Amino acid sequence: MIKLGIFVLLAGITACSAPRLAAETQTSADGSAPMVALTFDDGPHPSLTPKLLDILEGEGVAATFFVIGSLVEANSQIIKRMADGGHQIGNHTWDHKDMRKLSETRVVYTLQRTSEAVEKACGRPTLGTRPPYGGMNSKTEHHIPSEYKPVIMWDVDPLDWKKPGSGVVAQRIISGAKPGAIILAHDIHSGTIDAIPQVIRELKAKGYQFVTVEEILSSKNSVLR
Ligand code: NI
């Protein structure tokens with residue numbers, strides 16, 4: 001509950017996610033419809049991420065991006081576009097190192113430098129952290145300052161980084177989706193981007209609404225991990 005308190009406080013003040021999300025993109029969460037959160041790691045990519053944003057905007061779908069800090073400055077307009085579009089921007093460290101292998105000082109540094117780069121690009125810091133490789137243990141979690149929490153893992157992993165083809169990626173996501181699920185994907189693979197229209201179409205047909213991780217966690221009224 002302590003984590004949730006921090007999370008909500010952060011969300012209410014300055015985070016790079018957007019309360020205005022609701023008005024600008026989809027809708028505020030419909031309490032009766034099951035929710036899923038699409039998350040995209042390892043970008044921003046100079047051409048694929050804008051292509052994905054076009055798709056999301058066209059569908060009125062909000063997503064969450066866990067960005068790599070070292071890629072932010074060169075793609076600052078993309079970061080700005082994410083924020084303006086009501087997407088949540090999370091922290092995926094500066095250079096994608098396994099945080100379990102870093103000292104406390106380096107853990108803080110890699111998250112802080114990334115969040116500052118995002119804030120410079122869009123005016124708001126990152127909200128939430130996804131550890132590269134899902135690398136997390138109690139020591140590392142303890143080293144992460146509260147402003148970079150919660151640590152956000154995932155429920156559905158289509159293994160899109162193995163490039164199985166867009167049809168396979170789409171089917172894995174669609175079959176894995178369940179109410180409240182956080183879906184892992186990467187906006188640096190064209191096959192992933194190509195899978196998203198089908199994912200959105202079929203999950204909408206099943207009644208799902210797409211929301212940010214922030215909204216999923218708020219709706220569950222707890223931080224799961
Ligand atoms: Ni990653």
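The paragraphs below lead through this predicted model, from its overall layout to its metal site, its helix packing and a few backbone details.

The protein has 9 helices and 5 strands, and along the sequence these elements follow the pattern α-α-β-α-β-α-β-α-α-α-β-α-β-α. Buried residues make up 55% of the 225 residues in the protein. Among the contacts between residues at least 6 apart in sequence, 79% join residues at least 24 apart.

The nickel ion is coordinated by Asp 42 through OD, and by His 92 and His 96 through NE2, at 2.0 to 2.1 Å. Along the chain, the donors of the nickel ion follow the spacing D-x49-H-x3-H. Asp 42 lies in the loop between β1 (35–41) and α3 (48–59), while His 96 lies in the loop between β3 (88–91) and α5 (104–122), so this pair ties together parts of the chain that are 54 residues apart in sequence. Asp 42 has a relative accessibility of 14% and therefore counts as buried, and His 96, with a relative accessible area of 17%, is buried too. The loop between β1 and α3 also holds Pro 44, which is joined to Gly 43 by a cis peptide bond with omega of about 5 degrees.

Two packed helices are described by the angle between their axes and the distance between the axes. In the case of α3 and helix α8 (residues 190–205), the axes are 9 Å apart and the angle is about 10 degrees; because angles under 35 degrees count as roughly parallel, α3 and α8 are roughly parallel to each other. The residues of α3 that take part are Leu 48, Lys 51, Leu 52, Ile 55, Leu 56 and Glu 59, and they meet Ser 190, Ile 193, Asp 194, Ile 196, Pro 197, Ile 200 and Lys 204 in α8. By class, this contact of α3 with α8 has 8 nonpolar, 1 polar and 4 charged residues.

Just after α4, Gly 86 takes a positive phi of about 85 degrees.

Not counting residues up to four places away in sequence, His 143 touches Glu 104, Val 107 and Val 108. In α7 (166–176), the buried residues include Val 169, Ala 170, Ile 173 and Ile 174, and these four lie on the same side of α7 because they cover an arc of only 125 degrees around the axis. The buried residues of α7 pack against β4 (181–186) and α8.

The last stop is the backbone of the loops. Most residues other than glycine have a negative phi, and most peptide bonds are trans. In the loop between α5 and α6 lies Tyr 133, which has a positive phi of about 65 degrees although it is not a glycine; Tyr 133 is exposed, with a relative accessible area of 58%. The loop between α6 and α7 holds Pro 150, and the peptide bond from Lys 149 to Pro 150 is cis, with omega near 10 degrees. Leu 159 lies in the loop between α6 and α7 as well, and its phi is near 50 degrees, a positive value in a residue other than glycine. Leu 159 is partly exposed, with a relative accessible area of 29%, and, leaving aside neighbours within four places in sequence, it is in contact with Pro 164 and Arg 172. Between Leu 159 and His 186 there are 27 residues of separation in sequence and 9.3 Å in space, C-alpha to C-alpha.

Note on methods. Residues numbered from 1 in each chain as written. Predicted model: local features only at pLDDT ≥ 70, side-chain atom pairs only at ≥ 80, totals over all residues. Heavy atoms only, no water. Donors = N, O, S within 2.8 Å, 3.2 Å for Na, K, Ca; no water. Helix = DSSP H or I, 4+ residues; strand = E, 2+ residues; numbered from the N terminus. Buried < 20%, exposed > 50% of the residue type's maximum accessible area, 1.4 Å probe, protein only. Contact = heavy atoms within 4.5 Å. Axes fitted to C-alpha atoms, helices over the stretch in contact; angles between N-to-C directions. Parallel < 35°, antiparallel > 145°, perpendicular 65-115°, else oblique. Nonpolar A, V, L, I, M, F, W, Y, C, P; charged D, E, K, R; others polar. Arc of directions from axis to C-beta.
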